[in-house]
Amino acid sequence: MKKILIVTGPQGSGNHCWSKIFSQHSEVCGWNQLTKQYWVGHDQEPFFKYWHDPSLLYKLSWDKKYYFTNMSVPNGGDVFENKVIPKVGQFIETFKDIGFEVQVAITSRDKNILELQQTRRWNYPTTNEFINILDDIPDPIFLSYESLLLYKEKYVQSLKIKIPIDFSAINGIITNDANKKYITNFTPSKLRRR
């Protein structure tokens with residue numbers, strides 16, 4: 001049976017990092033362009049148009065055994081300024097209807113960092129736009145960006161992902177801790193006595 005790992009999550013939650021990890025293995029048809037560049041827009045993700053019109057998936061021939069795809073919610077669409085919400089539930093169900101074994105994973109990250117990321121990108125936080133579609137996602141596993149940075153390939157091994165993964169590539173992918181730019185020293189305030 002053909003297998004697909006579908007990854008989605010709030011914008012800014014590490015989707016690109018996870019895409020690099022899950023697209024590295026030679027047996028996986030994934031986001032190959034992103035494995036060669038630091039960042040690529042979601043409109044360049046191979047399944048981009050199918051996230052917005054899943055009925056088009058029926059027209060494709062499926063010659064590989066393993067597939068991977070990822071999409072942030074929301075994302076910039078095909079024009080970076082235009083915010084779009086992909087049809088996540090319909091996308092998942094279409095792959096099941098085609099005959100795939102589907103595994104869905106949701107990316108997560110510290111909610112304060114998400115708010116800063118999304119406000120920088122959209123001028124306001126958008127995590128709730130993803131939360132609103134959670135009921136459309138059956139039996140997800142959760143991918144923690146912070147756990148990935150801390151435990152590296154050991155964390156990824158614990159996830160029981162059903163497509164092949166090149167574990168030897170993980171350390172090279174996460175050499176840059178993108179959380180550091182959000183961390184500042186804490187200056188404690190003096191305690192007041194009553």
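A nonpolar core, as the term is used here, is a set of buried Ala, Val, Leu, Ile, Met, Phe, Trp, Tyr and Cys residues that are joined through side-chain atoms within 4.5 Å. Buried, in turn, means a relative accessible area under 20%. Keep in mind that what you are looking at is a predicted model.

With that in hand, begin with the largest nonpolar core, which has 25 residues. The members that touch the most others are Leu5, Trp18, Ile21, Phe22, Leu148 and Ile163. Two or more residues each come from strand E1, helix H1, strand E3 and the helices H6 (145-151), H7 (153-158) and H8 (170-173). H1 gives the largest share, with 4 residues. As a general background, nonpolar side chains tend to be buried together in soluble globular proteins.

Leaving aside residues up to four places away in sequence, Leu148 touches Cys17, Trp18 and Ile21, together with Tyr155, Val156, Ile170 and Ile174.

Now turn to the strands, and to E4 in particular. Strand E4 runs over residues 101-108 and is mostly covered, with 6 of its 8 residues buried. Which strands does E4 pair with? One partner is E1 (residues 3-10), which runs parallel to E4 and is joined to it by 6 bridges. To find this pairing on screen, look for Ile6, which stands opposite Val104 in E4. Another partner is E5 (residues 141-144), also parallel to E4, with 4 bridges between the two. Here Ser108 stands opposite Ser144 in E5.

The charged side chains come next. Side chains of opposite charge can pair when their charged atoms come close. In this model there are 4 salt bridges. One of them joins the side chains of Lys3 and Glu101, at 3.9 Å from N to O. Lys3 belongs to strand E1 and Glu101 to strand E4, so this pair ties together parts that lie 98 residues apart in sequence. Glu101 counts as partly exposed because its relative accessibility is 23%.

Glu129 sits in helix H5 (residues 127-131), while Lys83 sits in the loop between strand E3 (66-73) and helix H3 (88-98), so the pair ties together parts 46 residues apart in sequence. Both ends count as partly exposed, because Glu129 has a relative accessibility of 22% and Lys83 one of 31%.

Glu93 is partly exposed at 42% relative accessible area, and Lys96 is partly exposed at 37%. Finally, salt bridges with shared partners join Lys3, Glu101 and Lys162 into one network, which brings you back to the pairing of E1 with E4.

Key: Residues numbered from 1 in each chain as written. Predicted model: local features only at pLDDT ≥ 70, side-chain atom pairs only at ≥ 80, totals over all residues. Heavy atoms only, no water. Buried < 20%, exposed > 50% of the residue type's maximum accessible area, 1.4 Å probe, protein only. Pairing = 2+ DSSP bridges. Contact = heavy atoms within 4.5 Å.
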